[in-house]
Amino acid sequence: MSSSSESYNTVAIYQNEVNHPCLCRDQPMLKLRGAWKPNNPTRRFYNCARSMISNDSCNFFQWLDPTLPRHYKDTLWNMKLRINNLLVRNGQVVELQKKVEKQNLLRKAGKELVEARIQELLIEIEMLKNVVLIVLVYLLFVVMYFKL
């Protein structure tokens, strides 16, 4: 039975009611946001939805989550820094992969261009062989004609 009351208490922490409703222009304008600062990592709060886009907000602010012990704050903040570092590294890896892929495509395109040029040259060689053969036949006829 104590476990059910403990879970109820845990749930109750996150079911805080907003003490001072935000009424900007006579309409509720609450927005749930999350803090990501070293002293309040992952801590959620309510504030006026207009507070970050306009100076004419009601300045309402209320924490939803309780404050965490220092050890948890430090651990969460360090995890966030590590994740950010990994994201930066991942971005660098992705950029390097793109560069390698581009180089491979350029090599492939260059190889294809070289192969195409080789085919053109082989065709020209065949044409020149035919021309040389025709010239040789012509010369043979000329030599035979003058011998007679």
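Two strands pair if DSSP finds at least two bridges between them. Helices (H or I, at least four residues) and strands (E, at least two) are DSSP runs, numbered from the N terminus. This is a predicted model, in which local features need pLDDT of at least 70, side-chain atom pairs count only at pLDDT 80 or more, and totals for chains, interfaces and linings use all residues. Residues are numbered from 1 along each chain as its sequence is written, and side-chain values use heavy atoms, with hydrogens and water left out.

**Stop 1: the sheet**

Select strand S3 (30-34) and strand S4 (44-48). They pair in the antiparallel sense over 5 bridges. Find leucine 30; its bridge partner in S4 is cysteine 48. Then find arginine 33, opposite phenylalanine 45 in S4.

Now you have an open sheet of 3 strands in the order S3-S4-S5. S3 and S5 are at the edges with a single partner strand each, so one side of each has no neighbour in the sheet.

**Stop 2: the aromatic rings**

Rings of Phe, Tyr and Trp (its six-membered ring) pair if their centres lie within 6.5 Å; planes under 30 degrees apart count as stacked, over 60 as edge-to-face and the rest as tilted. The structure holds 4 aromatic pairs. Select phenylalanine 45 and tryptophan 63: this pair is edge-to-face, 5.6 Å centre to centre, with 80° between the planes. The two residues are 18 apart in the chain. Tryptophan 63 is also the bridge partner of phenylalanine 45 in S5.

Is phenylalanine 45 buried or exposed? Buried means under 20% relative accessible area, exposed over 50%, partly exposed in between (1.4 Å probe, protein chains only). Phenylalanine 45 has 8%, so it is buried. Tryptophan 63 has 26%, so it is partly exposed.

**Stop 3: the loop**

Select asparagine 40, in the loop between S3 and S4. Asparagine 40 is buried, at 13% relative accessible area. Contact means heavy atoms within 4.5 Å. Leaving out residues up to four places away in sequence, asparagine 40 touches Ala35, Trp63 and Lys73.

**Stop 4: charges over rings**

A charge sits over a ring if NZ of Lys or CZ of Arg is within 6 Å of the ring centre and within 35 degrees of the ring normal. Select arginine 43: it lies over the face of tryptophan 63, at 3.9 Å from the ring centre. Last, select lysine 80, whose charged end sits over the ring of tryptophan 36, 5.5 Å from its centre.
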